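Please keep the viewer open as you read.

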Amino acid sequence: MKTFIPLTLLALTATAGAQSLSGVQLGLTGGYASGLSGEIFVLTPNVAGPVGVKVGVATTRATDAINDSSDIGAGPFSAAKANGATESGSHTVTSVDATYGLGEVAPGVQATLYGGGRYGAFKSTESYGNSGSVTYSSNSFGIGAGAMVNYALTGNLGLVGDLGVDHYFKSNINTSTSTGGSDSFAPNEAGYDTLDNRFVRPGTNFKARVGVTYNF
(Lines give C-alpha, C1' and ligand atoms only; values in the text may rest on other atoms or scores of the structure.)
Protein backbone atom coordinates (compact mmCIF):
# COMPACT_ATOMS: atom_id res chain seq x y z
CA MET A 1 0.00 0.00 0.00
CA LYS A 2 2.82 2.41 0.86
CA THR A 3 4.35 1.98 -2.60
CA PHE A 4 1.12 1.58 -4.55
CA ILE A 5 -0.08 5.16 -4.02
CA PRO A 6 3.11 7.02 -5.06
CA LEU A 7 3.65 4.67 -8.03
CA THR A 8 0.09 5.28 -9.22
CA LEU A 9 0.46 9.04 -8.90
CA LEU A 10 3.84 8.87 -10.63
CA ALA A 11 2.28 7.02 -13.56
CA LEU A 12 -0.41 9.64 -13.90
CA THR A 13 2.14 12.45 -13.65
CA ALA A 14 4.07 10.86 -16.48
CA THR A 15 0.90 10.73 -18.57
CA ALA A 16 0.18 14.36 -17.77
CA GLY A 17 3.76 15.32 -18.60
CA ALA A 18 3.45 13.71 -21.99
CA GLN A 19 0.56 16.05 -22.66
CA SER A 20 2.47 19.09 -21.31
CA LEU A 21 -0.14 19.25 -18.51
CA SER A 22 -2.63 20.72 -20.96
CA GLY A 23 -6.12 20.29 -19.52
CA VAL A 24 -4.95 18.35 -16.44
CA GLN A 25 -7.06 19.07 -13.37
CA LEU A 26 -5.97 18.94 -9.72
CA GLY A 27 -8.79 18.73 -7.21
CA LEU A 28 -9.29 18.83 -3.45
CA THR A 29 -12.67 17.92 -1.98
CA GLY A 30 -14.21 17.32 1.42
CA GLY A 31 -17.48 15.91 2.66
CA TYR A 32 -18.94 12.63 3.86
CA ALA A 33 -18.13 8.97 3.11
CA SER A 34 -18.93 6.92 6.25
CA GLY A 35 -17.49 9.86 8.18
CA LEU A 36 -15.73 13.16 7.64
CA SER A 37 -13.78 12.61 4.44
CA GLY A 38 -11.38 14.36 2.09
CA GLU A 39 -9.88 13.46 -1.27
CA ILE A 40 -7.12 14.77 -3.51
CA PHE A 41 -7.31 13.75 -7.15
CA VAL A 42 -5.72 14.34 -10.53
CA LEU A 43 -7.90 14.16 -13.64
CA THR A 44 -6.45 13.86 -17.12
CA PRO A 45 -9.42 14.30 -19.48
CA ASN A 46 -9.61 13.64 -23.20
CA VAL A 47 -6.90 10.97 -23.29
CA ALA A 48 -8.91 9.34 -26.08
CA GLY A 49 -11.72 11.63 -27.20
CA PRO A 50 -14.03 12.26 -24.22
CA VAL A 51 -12.43 9.41 -22.23
CA GLY A 52 -9.87 10.27 -19.56
CA VAL A 53 -8.22 8.98 -16.38
CA LYS A 54 -8.72 10.02 -12.75
CA VAL A 55 -6.52 8.97 -9.83
CA GLY A 56 -7.40 9.87 -6.27
CA VAL A 57 -6.45 9.24 -2.65
CA ALA A 58 -9.11 9.75 0.04
CA THR A 59 -8.99 9.57 3.82
CA THR A 60 -11.94 9.28 6.18
CA ARG A 61 -12.31 9.49 9.95
CA ALA A 62 -14.92 6.82 10.60
CA THR A 63 -18.13 7.95 12.30
CA ASP A 64 -18.64 4.47 13.73
CA ALA A 65 -15.66 2.16 14.18
CA ILE A 66 -16.98 -0.62 16.44
CA ASN A 67 -20.51 -2.03 16.31
CA ASP A 68 -22.12 -1.16 19.64
CA SER A 69 -24.36 -4.24 19.65
CA SER A 70 -21.57 -6.73 18.91
CA ASP A 71 -20.63 -9.19 21.65
CA ILE A 72 -17.43 -11.24 21.54
CA GLY A 73 -17.99 -12.82 24.95
CA ALA A 74 -17.91 -9.95 27.44
CA GLY A 75 -21.23 -8.28 26.65
CA PRO A 76 -22.07 -5.71 23.97
CA PHE A 77 -19.54 -2.99 23.21
CA SER A 78 -22.15 -0.41 24.20
CA ALA A 79 -21.79 -1.61 27.80
CA ALA A 80 -18.02 -1.25 27.59
CA LYS A 81 -18.43 2.30 26.25
CA ALA A 82 -20.67 3.11 29.19
CA ASN A 83 -17.75 2.10 31.41
CA GLY A 84 -15.24 4.30 29.59
CA ALA A 85 -14.11 2.33 26.53
CA THR A 86 -13.54 4.37 23.37
CA GLU A 87 -13.47 3.65 19.63
CA SER A 88 -11.73 5.19 16.63
CA GLY A 89 -11.33 4.30 12.99
CA SER A 90 -9.85 5.43 9.70
CA HIS A 91 -10.24 4.59 6.02
CA THR A 92 -7.70 5.27 3.27
CA VAL A 93 -8.83 4.61 -0.29
CA THR A 94 -6.87 4.80 -3.52
CA SER A 95 -8.99 4.99 -6.68
CA VAL A 96 -8.20 4.66 -10.38
CA ASP A 97 -11.08 5.55 -12.70
CA ALA A 98 -11.87 5.87 -16.35
CA THR A 99 -13.81 9.08 -16.98
CA TYR A 100 -16.23 10.22 -19.65
CA GLY A 101 -16.71 13.93 -20.18
CA LEU A 102 -20.28 15.00 -20.96
CA GLY A 103 -19.13 18.48 -21.90
CA GLU A 104 -20.88 21.71 -20.91
CA VAL A 105 -24.32 20.84 -19.52
CA ALA A 106 -25.06 24.47 -18.56
CA PRO A 107 -23.18 27.76 -19.04
CA GLY A 108 -19.83 27.34 -17.28
CA VAL A 109 -20.75 23.88 -15.93
CA GLN A 110 -18.91 20.73 -17.04
CA ALA A 111 -20.08 17.22 -16.08
CA THR A 112 -17.95 14.07 -15.92
CA LEU A 113 -18.89 10.45 -15.25
CA TYR A 114 -16.35 8.06 -13.74
CA GLY A 115 -15.97 4.42 -12.75
CA GLY A 116 -13.14 2.09 -11.81
CA GLY A 117 -11.25 0.18 -9.13
CA ARG A 118 -10.72 0.85 -5.44
CA TYR A 119 -8.18 -0.28 -2.86
CA GLY A 120 -9.17 0.44 0.71
CA ALA A 121 -7.15 0.18 3.92
CA PHE A 122 -9.55 0.13 6.88
CA LYS A 123 -8.71 0.20 10.58
CA SER A 124 -10.70 0.34 13.83
CA THR A 125 -9.50 0.37 17.45
CA GLU A 126 -11.36 -0.30 20.67
CA SER A 127 -9.49 1.06 23.66
CA TYR A 128 -9.92 0.24 27.35
CA GLY A 129 -7.44 2.69 28.80
CA ASN A 130 -4.90 1.03 31.10
CA SER A 131 -6.44 -2.36 30.29
CA GLY A 132 -5.19 -2.17 26.70
CA SER A 133 -6.69 -2.03 23.23
CA VAL A 134 -7.61 -4.19 20.24
CA THR A 135 -7.12 -3.05 16.64
CA TYR A 136 -8.85 -4.55 13.61
CA SER A 137 -7.59 -3.94 10.09
CA SER A 138 -8.46 -5.06 6.59
CA ASN A 139 -7.30 -4.24 3.07
CA SER A 140 -10.03 -4.67 0.47
CA PHE A 141 -10.45 -4.27 -3.26
CA GLY A 142 -13.62 -2.72 -4.62
CA ILE A 143 -15.33 -0.96 -7.47
CA GLY A 144 -17.00 2.42 -7.68
CA ALA A 145 -18.76 4.92 -9.90
CA GLY A 146 -20.01 8.46 -9.71
CA ALA A 147 -20.38 11.86 -11.30
CA MET A 148 -18.59 15.18 -10.88
CA VAL A 149 -19.89 18.60 -11.81
CA ASN A 150 -17.41 21.46 -12.17
CA TYR A 151 -18.34 25.14 -12.24
CA ALA A 152 -15.69 27.50 -13.62
CA LEU A 153 -14.89 30.47 -11.35
CA THR A 154 -11.94 31.81 -13.35
CA GLY A 155 -9.90 30.57 -16.25
CA ASN A 156 -8.15 28.01 -14.03
CA LEU A 157 -10.11 27.76 -10.78
CA GLY A 158 -13.40 25.95 -10.33
CA LEU A 159 -15.88 24.57 -7.82
CA VAL A 160 -16.58 20.84 -7.97
CA GLY A 161 -19.27 18.57 -6.57
CA ASP A 162 -18.77 14.79 -6.42
CA LEU A 163 -21.46 12.16 -5.80
CA GLY A 164 -20.68 8.46 -5.97
CA VAL A 165 -20.97 4.97 -4.56
CA ASP A 166 -18.25 2.39 -3.87
CA HIS A 167 -18.53 -1.29 -3.03
CA TYR A 168 -15.79 -3.27 -1.26
CA PHE A 169 -15.43 -7.04 -1.25
CA LYS A 170 -14.85 -9.12 1.88
CA SER A 171 -11.22 -9.78 2.76
CA ASN A 172 -9.11 -11.03 5.65
CA ILE A 173 -9.53 -9.33 9.01
CA ASN A 174 -6.36 -8.86 11.02
CA THR A 175 -6.37 -8.33 14.77
CA SER A 176 -3.65 -7.00 17.05
CA THR A 177 -3.59 -6.15 20.74
CA SER A 178 -1.61 -3.59 22.69
CA THR A 179 0.16 -6.48 24.42
CA GLY A 180 1.56 -7.78 21.12
CA GLY A 181 -0.86 -10.54 20.21
CA SER A 182 -2.02 -10.84 16.61
CA ASP A 183 -4.14 -13.06 14.39
CA SER A 184 -5.77 -13.12 10.95
CA PHE A 185 -9.15 -14.48 9.88
CA ALA A 186 -10.16 -15.30 6.30
CA PRO A 187 -13.77 -15.18 5.04
CA ASN A 188 -15.65 -18.40 5.87
CA GLU A 189 -13.10 -19.21 8.60
CA ALA A 190 -14.43 -19.88 12.09
CA GLY A 191 -14.62 -16.62 14.01
CA TYR A 192 -14.70 -14.41 10.90
CA ASP A 193 -18.41 -13.57 11.10
CA THR A 194 -18.09 -12.45 14.72
CA LEU A 195 -15.26 -10.05 13.89
CA ASP A 196 -16.97 -8.97 10.67
CA ASN A 197 -19.95 -7.89 12.76
CA ARG A 198 -17.78 -6.02 15.27
CA PHE A 199 -15.36 -4.26 12.89
CA VAL A 200 -17.28 -1.49 11.12
CA ARG A 201 -15.95 -0.75 7.62
CA PRO A 202 -17.53 0.05 4.27
CA GLY A 203 -19.40 -2.56 2.28
CA THR A 204 -21.46 -0.39 -0.05
CA ASN A 205 -20.46 3.18 0.66
CA PHE A 206 -22.14 6.37 -0.56
CA LYS A 207 -20.09 9.56 -0.74
CA ALA A 208 -20.76 13.24 -1.28
CA ARG A 209 -17.98 15.83 -1.43
CA VAL A 210 -17.49 19.41 -2.61
CA GLY A 211 -14.29 21.31 -3.23
CA VAL A 212 -12.08 23.21 -5.61
CA THR A 213 -10.17 22.35 -8.78
CA TYR A 214 -7.27 23.91 -10.60
CA ASN A 215 -6.76 23.43 -14.33
CA PHE A 216 -3.23 23.45 -15.73
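The paragraphs below go from confidence to cores, salt bridges and the surface.

This is a predicted model, in which local features need pLDDT of at least 70 and side-chain atom pairs count only at pLDDT 80 or more, while totals for chains, interfaces and linings use all residues. Residues are numbered from 1 along each chain as its sequence is written, and side-chain values use heavy atoms, with hydrogens and water left out. The predictor's confidence in each residue, pLDDT, runs from 0 to 100. Its mean over the chain is 90, and 90% of the residues reach 70 or more. Residues 1-20 are the stretch to treat with care: pLDDT stays under 50 there, and the model has 18 contacts for them beyond four places in sequence. A contact here means heavy atoms within 4.5 Å.

Now turn to the interior. In soluble globular proteins, nonpolar side chains tend to be buried together. A nonpolar core is a set of buried Ala, Val, Leu, Ile, Met, Phe, Trp, Tyr and Cys residues joined through side-chain atoms within 4.5 Å; buried means under 20% relative accessible area, exposed over 50%, and partly exposed in between (1.4 Å probe, protein chains only). The largest core has 13 residues, and Ile66, Phe122, Tyr136, Ile173, Leu195 and Phe199 have the most contacts inside it. Beyond its neighbours up to four places away in sequence, Tyr136 touches residues including Ile66, Phe122, Leu195 and Phe199, along with Glu126 and Arg198. A second, separate core of five residues includes Phe41, Tyr114, Met148 and Val160.

Glu126 and Arg198 bring us to the salt bridges, each a side-chain nitrogen of Lys or Arg within 4 Å of a carboxyl oxygen of Asp or Glu. What joins Glu126 to Arg198? They form a salt bridge, with the closest N and O atoms 2.8 Å apart. Glu126 lies in strand S5 and Arg198 in helix H3 (residues 192-198), so this pair ties together parts 72 residues apart in sequence. Helices (H or I, at least four residues) and strands (E, at least two) are DSSP runs, numbered from the N terminus. Both Glu126 and Arg198 are buried.

Helix H3 also holds Asp196, which is linked to Lys170 in the loop between S7 and strand S8 (173-177). In this salt bridge the closest N and O atoms of Lys170 and Asp196 are 2.5 Å apart. Lys170 is exposed, with a relative accessible area of 56%.

Asp97 and Arg118 form another salt bridge, at 2.9 Å between the closest N and O atoms. Asp97 sits in strand S4 (residues 86-106) and Arg118 in strand S5 (residues 109-127), 21 residues apart, and both are buried. Together with Asp166 and Lys207, Asp97 and Arg118 belong to a network of salt bridges. The whole structure has 10 salt bridges.

Strand S4 also contains Ser90, which is partly exposed at 33% relative accessible area. Setting aside neighbours within four places in sequence, Ser90 is in contact with Thr60, Ala62, Ala121, Phe122 and Lys123. The C-alpha atoms of Ser90 and Ser124 are 6.6 Å apart, although 34 residues separate them along the chain.

Finally, look at Leu159 in strand S7. Its relative accessibility is 40%, so Leu159 counts as partly exposed.
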